[in-house]
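Let's go through this one together, a feature at a time. Have the viewer open and follow along.

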Amino acid sequence: MKEAIRTQALTLGYGGATIIHELDLSIPKGEITVFIGGNGCGKSTLLRSMARLLKPTNGAVLLEGAAIAKLPTKEIAKKLSILPQSPTAPEGLTVLQLVKQGRYPYQNWLKQWSEEDEEKVMNALQATGMSEFKDKQVDELSGGQRQRAWIAMTLAQDTEVILLDEPTTYLDLTHQIEILDLLFELNEKEQRTIIMVLHDLNLACRYAHHIVAIRNQTVFAQGKPEQIISPDLVKNVFDMECQIAQDPLFGTPLCIPYGKGRRVGNKIAYVNAL
Amino acid sequence: MILIKNSTKLFGIIVALLLFLVCIGMSIVFGYTNTSIHTAYEAFTQFNNSNEHLIIQNVRLPRALIAAAVGASLAMTGVLMQTLTKNPLASPDILGINAGAGLAVVLAVTFMHTASLQAFTWISFLGAGFAAIAVYVISSAGHDGLTPLKITLAGAAMAALFASFTQGILTANEAELEQVLFWLAGSVQGRKLELLIAVLPYLLIGWIAAIMIAPKMNVLAMGDDVAKGLGLKLGIVKIVVVVIVILLAGGSVAVAGPIGFIGIVIPHVARKLIGTDHRWLIPFAGLLGGILLLAADIGARYIIMPREVPVGVITAFIGTPSFVYIARKGFRN
């Protein structure tokens, strides 16, 4: 397995509080990796540190074997892009202007806008289905379209690795599937490495080749969803009792939580047995 | 955004530039002493020591150039500060830079008995720089760095602190009040050309740097995380922007005293017309700022003729309703 990113004894924290402690983690190249875990477990923090948005307290993040702290930030931007959680575009910015910003790492005083830049921007708009909206203002778009516009910007950046921090938050189910399908296709067609944080365990199991479950400042388990997702893992990572079934459409693990609720037909309330 | 295509944007800039030049001309020609365009032309080509020629050369010309330079600088500062802090109300007056300059001048008058406007220049420059750095450092403290909310709070707190010190000192020392009050009112009248020439190098560097940094301002406007992800050297860019702000705001307040509201209002008007791309926005806002201050200053001569209203009063008169409008709009979003 080739690796895209590796962390070495990585320790992360804010102020005095440690969030991730001495973590060694390898992210496979060309696959979709999803970080899962409870609120505040540090999955977003870990993702942000991989994109050099957060300086490690200790240890290092390696991109193609080189410590990102030592690489020029513009060089990193040509290899790795990040879509932060709920980004906001300045008022009045059009989709085209937004996507064009993705070419910033390739520009300097001497080299202004080139044909290659134009082509990458048009491809990104097309891949995300945003070509027809390119002259619309970002703040006029629906939630799903807006997120697609931002993904188009990260695509225009033309990087091997794409990091996304909860790309489906605040989207309805239709748009969640639409965004994840789009990312899945990108990975299929262009073998881009995609690393993201998702809240929905079932969607994570469907789209991820590789799942990293985070708990107690470190990785609790990692691997293929069908190999690692179990009632025991869910209990440990999310502190929740559940049963794991098979997704009737995809065959991927499907987590069904215990708890209270209505019963229809002759189903037994498992909660009573616990 | 009204001017959408690049060609119409360029047209907009050219129109603004022509209007800017016309306003400079009008500022030289119009006033209590009757002069014509012809007299003004003669004052520069065949100077004859007449009263009109003296007024044009020694009073009206400096006044016009100062209004143009200060108006442009304040408007550009407003654009830079609003993008830097992501706060639609950011401007030199709201973030305490003018108050800092005011306090520095009052301190100098009270304790060092400074009396010349020339000396005011340097002292207020110093005060503006100190205030900007203080607000920046205070609001950068803490692990989440410089946030729009923190910089606004720090700015408001520092502005209130500086203003109350200023008031306190002025109350205790009424003797030297008059000279300071004249400066504190904010005006482009009665300022000599030498004052402008003294700060012109700083303003010039500020203008050029503001236009050169425009592409980076576009990236900065997308938010810190996105900007960092795109490879912008955030820390360095922010420091450079603060330095440009000190040069432009400090230079302006040094020459004309604290003139409010241009830094808030013009960036919004300019964005409405030409859009958010800083490569167009910064020069365009500069021209509009110059036009507004020149026009306000011409108006100031006619309202209670033969006496004059301080131009700061006129800009406040235009600015206050706009401020309320922007604040309401900002909170709605």
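Q: What counts as a contact between two residues?
A: Two residues touch if their C-beta atoms, placed from the backbone, lie within 7 Å. Here, the contact takes 22 residues from chain A and 18 residues from chain B. This is a predicted model, where local features need pLDDT of at least 70 and side-chain atom pairs pLDDT 80 or more, while totals for chains, interfaces and linings use all residues. Residues are numbered from 1 along each chain as its sequence is written, with chains lettered from A and ligands numbered from 1 in written order.

Q: Which elements give two or more residues to chain B's side of that contact?
A: Helices and strands are DSSP runs numbered from the N terminus (helices H or I, at least four residues; strands E, at least two). On chain B they are helix H9 (214–220) and helix H10 (224–229). H10(B) gives the largest share, four residues.

Q: How do I read the sheet order in chain A?
A: Two strands pair if DSSP finds at least two bridges between them. In chain A, four strands make an open, antiparallel sheet ordered E2-E1-E4-E5. E2 (17–28) and E5 (66–67) of chain A are at the edges with a single partner strand each, so one side of each has no neighbour in the sheet.

Q: How many bridges join E1 to E4 in chain A?
A: Five bridges join E1 (residues 3–14) to E4 (residues 58–63) in chain A. Look for Ile5(A), opposite Leu63(A) in E4(A).
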